[in-house]
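Keep the model open while reading.

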Amino acid sequence: MYVAACACYFFLRFRRSMPEAAVKVAFAAAFPLIGFLLPLFWRQQRPSDESQRIQTLETYLRQDEQPDHLKVSHLSEDEKELNIVPLEEALLVNDLTSRRRTMIDLLKQDATEYLEVLRMAVGNEDTETSHYAVSAVVEIKRKLNHALQEFAVRYETSRDDAHFLASYAEVLQNYMRSGFLDGSTLLQLKASLADVLQHWTEADPHAFEAHEQKMRIELELGNYLSAEQAAVLMMERFPYREESYLAQMNLSFTLRSPQRFDQALQALKQSPVRLSNDALKLVRFWSEGA
């Protein structure tokens, strides 16, 4: 009866961590009554501990009030992707201590780069991990919202400043990536981004990223004429980049124009562009399909 009572108590008390509950049941059964005096049972969650964790979390989040998007990131895209993989794995493991430590370590960094992972963590079964993730997303959105207001005011007088426009576009994209946005707000942000990208391409004709994003966002908005103009401009200014040809193919596919799609595909195959592995697979796929 004693063992059954201990099992019921611990599996109900620690139902979100069955391995931890099983270990505590084993010790309680092996050392009746005295087992509860072991250090293993001291690590209980208390209101004071929870308050301390929240205070620590807020300290990490507010240790630098400068918006994350304005900080210079020294990581390459490949390094960021390699960092995201362990974070995703940490959310799947059973070790709550490792999972929570990973979240705390994440919050010490530029968490804006890991918005997708944070959105996954929001729905995590561990309430503490979920709490950290929600707090991080809310704090990131607060900073981004504040930055958007500042950028919107300055935008009226800085539409020819390529550096400013690049930062503004990044803030808009990060805000859209933050998630939990209604359709109307998301559409408004996309329209604002398209306008910013238009001025960015005019301020810096050599900014390939601006041209590529402009074509993509206009396509998402359903502004096919603007998307076509952006694709043509990409081809004129960046004829030696595979993305220019892929943009033509993407546009033709969306417009359901097989003839134009085939022309863009043939142009890519005959171009002197050295294709990446992904682009090569794409060309082979559509060539075989034809």
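Which residues in α12 meet which residues in α13?

## The α12–α13 contact

From α12, the residues are Tyr-245, Leu-246, Gln-248, Met-249, Leu-251, Ser-252 and Phe-253; they meet Arg-260, Phe-261, Ala-264, Leu-265, Ala-267 and Leu-268 in α13. Contact means heavy atoms within 4.5 Å. By class, this contact has ten nonpolar, two polar and one charged residues. Ala, Val, Leu, Ile, Met, Phe, Trp, Tyr, Cys and Pro count as nonpolar, Asp, Glu, Lys and Arg as charged, and the others, Gly among them, as polar.

## Model and numbering

This is a predicted model: local features need pLDDT of at least 70, side-chain atom pairs count only at pLDDT 80 or more, and totals for chains, interfaces and linings use all residues. Residues are numbered from 1 along each chain as its sequence is written, and side-chain values use heavy atoms, with hydrogens and water left out.

## Helix geometry

Helix α12 spans residues 242–254 and helix α13 residues 258–270. They pack at an angle of about 165°, with their axes 8 Å apart. α12 is therefore roughly antiparallel to α13 (angles over 145 degrees count as such).

## Two buried residues

Ala-227 lies in helix α11, residues 224–237. Its relative accessibility is 0%, so Ala-227 counts as buried (under 20% relative accessible area, 1.4 Å probe, protein chains only). Leaving out residues up to four places away in sequence, Ala-227 touches Met-215, Glu-218, Leu-219 and Leu-251.

His-211 sits in helix α10, residues 208–221. At 1% relative accessibility, His-211 counts as buried. Among the residues that His-211 touches are Leu-233, Met-234 and Arg-237.

Definitions and conventions:
Axes fitted to C-alpha atoms, helices over the stretch in contact; angles between N-to-C directions. Helix = DSSP H or I, 4+ residues; strand = E, 2+ residues; numbered from the N terminus. Parallel < 35°, antiparallel > 145°, perpendicular 65-115°, else oblique. Buried < 20%, exposed > 50% of the residue type's maximum accessible area, 1.4 Å probe, protein only.
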